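This briefing is meant for a reader who is meeting the structure for the first time. Please look over the sequence and the model, and then follow the points below.

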Amino acid sequence: MAIFPGRWVTILANLLVPVGILTFSTGFFPYKPLLPGLAIFDESDADVSPVFDKVIFMVVDALRSDFVYANESGFLFTQSLIRAGAVLPFTAHAGSPTVTMPRLKAMTTGSVPSFLDVILNIAESDTTSTLAYQDTWLAQLKARGDRLVMYGDDTWLKLFPGMFERSDGTTSFFVSDFVEVDQNVTRHIPTELAESDWSALVMHYLGLDHIGHKAGPRSPFMPSKQQEMDAVVKAIYTAMQQEPHLQSTLFVLCGDHGMNDAGNHGGSSAGETSPALLFVSPKFEVLGNTLESPVEASDDFQYYRSVEQADITPTLAGLLGLPIPLNSLGVFIPEFLNMWDSGSHKLDILHRNAQQLLNTVKATFPGVSFDPEDIASSCSSGAVSGIEGAQCAWFQIHQLSRKTSAEDAFAIVGPAFQRFSQIAQDVMSSTASDYNVSRLGLGLLITGIAALIVFPAVCQECAQSTYTGGFLALLVVGYGSMMFASSYVEEEQQFWYWICSGWIFYLHIKMTRSRRTRRSAFNWSSIATLGLIMSQRILRRWNQTGQKFTAEPDIARNFLPSHPLFLWVLVILTYVDSGRGLFLSLPTAFPRVVVLVLPALAFMFKINFVANDSPELLADSVLSWLEKSLKIVPLVSQARLVFGGIVCCIVLAIAMSSRSKTAPASNKLVHEALNLFLMTQSRATNIPVFLVFRIQALILIPMDLTGLEVTIVTLMMQYMTFFAFGGSNAISSVDLSSAYNGVGSYSVVMVGILTFVSNWAGPIWWVSMGHLLRSHEAVGSHNPAALLTFHTAMSLVSVMAACTALRTHLFIWTVFSPKYLYSIAWATANHVLVNLLGGVGLPALRKRP
Amino acid sequence: MASHSHVSSINQAGSPSQAFVEKSSAPPINILPSKLAQAYSYAHPILLLTLCAARFEALVADPVQELLADLPWLALLQLFYVLLCLPPAASPSADSSPASDAKAARSRSGKPGYRRKNSGKNVWAAVWAKLMPACLSLGLTFLATPIIAALLVMFGAPLTTHNYETVLCAAHMALLSASQLAYVHGVDGSVWKEVWGIARPADTVWGSALGTGLGAWFGAIPIPLDWDRPWQAFPITILVGAYIGYALGTLLSRTPLLYGKRIQFSSESEEEDEKKTN
């Protein structure tokens, strides 16, 4: 076999993969033209007097509609306001992705944020996601010379730098904090309500979302938190009634998104997309909108009337007398039209809304004419939707307004304006997904070529063993075809569990056939595979993930928290095992005892972290006493100490390997250091998984697998353990809890690396293990790079093909796009960086000299 | 499982795999030569599949009740099938088809385990010779049930819930697979060792057993789909997969293409090397 051409082909393929990803992404994630600048009133705009001059905008993170409206709600005062008619309640539809930042963008700009905002939400960089240069109702207020104040989630401060006169941002490092994050907001309310200099008071409460993440919507903390929020509503409403300077204030209470039954969000289930939206003011009582409240809980979470979240922007603009922000796709909520007495004012509001929407439509479709003369002929077809529908609706407005007199204009032209606005909103929301199909095809082609050029090398590998090759084919074809079914994408873990048990069965057959084991220890081989499949079965149940069975009880979220003693015994065992591993991997000449300090430090850090992140796991055991005595050292320094020690170990390992023939020993030391690092980056309830890994490794090492089999085992274990750690193909399952370990001030690179490591801990461990297993094996000619590249390229090709073929599918933004983002992470971070550079490249380099 | 690729792999490796076949292992089994046995052996898997289809709705409605109620009937059907179509464990090789006669006789000569001379004239002895393995078969099937249940759990069946379903599913699978193996091979240790190592040569008995297992494995595929159909509940697809696998296995492994072949690894040359060095 010609080694050099093969190697170059693999390198070329791995260069092609990122190129393919880039090409595909530019076609897949659409760039939407944004109108720059701030909207101003036209000369022609009639002067409509504003209904309100101030706004209190209170966001309660993850305030699902039923938390306010349903029978079991704690919002008793708010419900009494609904009955009194002082509230106009809605269910606001929050589009996917249902995470905070894109939702805030939707509520302030009125636009539909692009999918890329999700990534930006995770990598909350300070500059890229800012709305400082976009038109929002806050910018409009600011431009008018008004003052704004803000308390709560500091996402607002990142989105609107320099916007607020006074502010106090809260960060959410620990979701276990239910109390302080909210007290930090509430304590400012009395003083701000007494002040009269602001015209917008923004509050963003995080506690309810934290409770959801921690314990779900049915948590015992939920009712008291709702009552606490209700008390805030009561305090504000009372002030609005009593304080003279708040007489003309609009109070908006809303959630940015909802939550699913597990208390998470990011996807598009009914619970996640249905936050509550309430407009509160004593002035609304004149409308006579007294509604029944509370109401029966419903499964679809739709209470009262459903509106779009983007509709908040034009409605606020109309009520506050502001120009509608340029890029808004919202439709004025018609219930508020009756706040004006004169029909011409009402019509003006609708006219402004329609005109502004027409401008955005024109900017997006520069080739489409809205000139009445041009449309007249083409409108005979009677299209009711799409861009033609918008044209026709505009033409109708034109026709009607010419015919009718000024008095009854609102009654006749008003509905036509509303109809146009509605169609324009639909058209514009769907153009957010306007794909560049040729780019998609090109990206697919490039990635396909990458897969094709490594294919001969893979065939050559598989020719050694027909059944292994067949199994690999089953894996690649099965995985690829799975990507076209949304439920298989959501339940990807099932595939890996399934194929992994099949592979262990294969190993079992192989073991019983092997001459050596058959003669000497028939029983040992059966026990070995039994041990493997049992440990695999335990991992499978460690974290229930996916969509369908995610709420079922599992080990990490149900069993261990209710048996803390068992959990901590396992965790301590894992740390002891890690210390043992480190100790044994050092040369005897070295003062080996010193290294035991490292796992002890790491354990201390973990206890302190758990005390902050999930104190319920510690309860009041001996460990909590230990934690209290250690509190003096800040968490960041503790983490840095551990990371420093791990770096020292790796430096030592490199020194050892350059010294002499102790390559296997140095590899072992690197593996042990990595093991400890990954434990530090994992949740406490996942730490015992590393003990299970150790057992699996102990079983696999004496099996004498061939190079090809090692590669397949580690490939499968990488994917399987990713899901066993609780990962899934949903954005909401990204675990950010360990992303800030040892990070003092925010840094995209550091937080990015730590986030990747804490979510891909299992895969990274198995790459390292694969490296150790390979050093055991006798056959040295095997090069795993080609096979790994082939699998990566093939899975990318299938995901890309699925995204291209199903680009009009209902679930494209909720299932397939997140999967594509995950595939990018798998292909670039896990495959290129970890697998190739870490697992294959470094050892190859070391062998050279 | 054994396929063309296997054949070619033997050729490539210069037929070292023959050395791998254990001398003491039982040869592949044939259906008894009588016309009735031959005819029914084809009808039986189709009959089982038809019954499975007929009772499908009841199975979806109440899996535990239905599986339990079907169990005695399935046992009777399987018993009838093995008594009519298969050679019992103790029978002399003359019972198997003439084609493999000589080979069978040779390889069985040294076979340990349950053996008994059958005069062939005494009717009672003949009945006894069949009844005894039949009882043994049922007994072993009973023993196989917990093993299969444990394997089902290992392969992902729920452990904390659905226990009745798992055990009953295992009982059905045991009746499909183990009952025939036990009737034909009795307590022959070398055969069961081969079964454990998936090393039996393909025949209708082993094919049906392997097919049952593989069918159950593939039966898990529709469960994660979000179709929200009641039949996606735990034991149903697995069990239907097992029945289909049984039927395919028993019919396909009789064909000349597969008959007598074993699942083999083409990297057996490695093992040969080991053997030489030892």
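In this predicted model, the C-alpha centres of domain 1 of chain A and domain 3 of chain A lie 41 Å apart. Those two belong to a division of chain A into domain 1 (65–339), domain 2 (341–432) and domain 3 (557–782).

**The chain as a whole**

- Chain A contains 35 helices and 8 strands, and buried residues make up 52% of its 849 residues.

- As a general point, an α-helix has 3.6 residues a turn, so residues three or four places apart point the same way.

- Leu507(A) is found in helix H21 of chain A, which comprises residues 492–513.
- Leu507(A) counts as buried because 22 other C-beta atoms lie within 10 Å, where the cut-off for a buried residue is 20 or more.
- When neighbours within four places in sequence are left aside, Leu507(A) is in contact with Thr529(A) and Met703(A).
- Leu507(A) and Asp154(A) are 353 residues apart along the chain, and their C-alpha atoms are separated by 53 Å.

How values were computed. Residues are numbered from 1 along each chain as its sequence is written. Chains are lettered from A and ligands numbered from 1 in the order in which they are written. This is a predicted model: local features need pLDDT of at least 70, side-chain atom pairs count only at pLDDT 80 or more; totals for chains, interfaces and linings use all residues. Helices (H or I, at least four residues) and strands (E, at least two) are DSSP runs, numbered from the N terminus. A residue is buried if 20 or more other C-beta atoms lie within 10 Å of its own, exposed if 12 or fewer, and partly exposed in between; C-beta atoms are placed from the backbone. Domain bounds come from an automatic or database domain assignment. Two residues are in contact if their C-beta atoms, placed from the backbone, lie within 7 Å.
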